[in-house]
Amino acid sequence: MLATRSLVRALALLVILGPLPAGGQAAAQAATKLDLVSARSALENSSLPSSVKAQVQARIDASSENFLRYLSGALADRGSDPLLLLRVGKARPLPESFEPNDLVSLDGSGLSLSRPGLSLRRAAFLALKEMSAAARAEGVTLLVSSSYRSYSYQVEVFNRGVATDGLAETEASVARPGHSQHQLGTAVDFGSITDAFAQTKASRWLAANSRRFGFSLSFPKGMTAVTGYKWESWHYRYIGKAAAALEGEYFGGVQEYVLAFIEGM
Ligand SMILES: [Zn+2]
């Protein structure tokens, strides 16, 4: 019995570790080369500043195997969900009628919620649950304050902002209807939704750990010229683990850069 089990295990190992046939190995090498060539040209043709392009290319050259692994993961994610890595912003609106078809209510999920009635797309919801549990295990509570927002709800949010703070101030911090990542159903606002959030334990935990769960800070500090928005320490978007790893390790932690690059792939 024991011998049989060892044999099965050895055979399984052979299947896993078995060498590729000579032709297959050459083909795999050729594919890798091709991927690196297309990545280089996508980077070159992207809208990223040239100094950023040079930094990203240097990081790719220094660690191309990991890069290709993350890239193929991100492209596979996009293949199964084209909205996951879609750029949505000031110049890139969603149709007024767009509404995700797999929204899940956060009520009764065990997540910490600032109010009832919040929802997210299924993949983002599952990742958020996993992330919240990991934070809780380290004594950190991630309070979810805003999640999916419909086009019509964003109209209310924007108009309320204009009434309170005026148009210019609102434009810098609130998306116009149709231009919000919240309409995608994969963005989450945590805590107080104010700059004070940056001083909290939750904010520090998210900054250090969110990418492991596929979440990315959408509007980082000092990047207003790139993102169109002021720093929002509380606003994260789920982009999947592979794209989040690319963002963190190759694109300087800037979501806009990694999404712009992937768009050209
Ligand atoms: Zn937000």
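What is the site of the zinc ion like, given the angles among its four donor atoms? I looked that up first.

I am working on a predicted model, where local features need pLDDT of at least 70, side-chain atom pairs count only at pLDDT 80 or more, and totals for chains, interfaces and linings use all residues. Residues are numbered from 1 along each chain as its sequence is written, and side-chain values use heavy atoms, with hydrogens and water left out.

**Zinc site.** I found the site irregular, with donor angles of 54 to 151°. For the label, four donors are tetrahedral if all angles lie between 85 and 135 degrees; four are square planar and six octahedral if opposite donors are over 155 degrees apart and all others between 65 and 115; anything else is irregular. For reference, ideal angles are 109.5 degrees for four tetrahedral donors.

I listed the protein donors: H182 (NE2), D189 (OD), D189 (OD) and H235 (ND1), at 2.1 to 2.6 Å from the zinc ion. Donors here are N, O and S atoms within 2.8 Å of the metal (3.2 Å for Na, K and Ca); water is not among the atoms, so sites may look incomplete. Along the chain the donors follow H-x6-D-x45-H. H182 sits in the loop between α7 (167-173) and β5 (187-190), while H235 is in strand β7 (residues 235-238), 53 residues apart. Helices (H or I, at least four residues) and strands (E, at least two) are DSSP runs, numbered from the N terminus. H182 and H235 are both buried. The cut-offs are under 20% relative accessible area for buried, over 50% for exposed, and partly exposed in between (1.4 Å probe, protein chains only).

**Salt bridges.** I counted 11. The rule asks for a side-chain nitrogen of Lys or Arg within 4 Å of a carboxyl oxygen of Asp or Glu.

I checked E130 with K241: their closest N and O atoms are 3.7 Å apart. E130 lies in helix α5 (residues 122-137) and K241 in helix α10 (residues 241-250), so the pair ties together parts 111 residues apart in sequence. E130 is partly exposed at 40%, and K241 is partly exposed at 44%.

Next I took E247 with R211, at 2.8 Å between the closest N and O atoms. E247 is in helix α10 and R211 in the loop between α8 (201-209) and β6 (215-217), 36 residues apart. How accessible is E247? E247 is buried, at 0%. R211 is partly exposed, at 32%.

E171 and R176 also meet in a salt bridge, 2.7 Å from N to O. I noted E171 at 22% relative accessibility and R176 at 37%.

Last entry: R87, R92, E256 and E263 are linked in a salt-bridge network.
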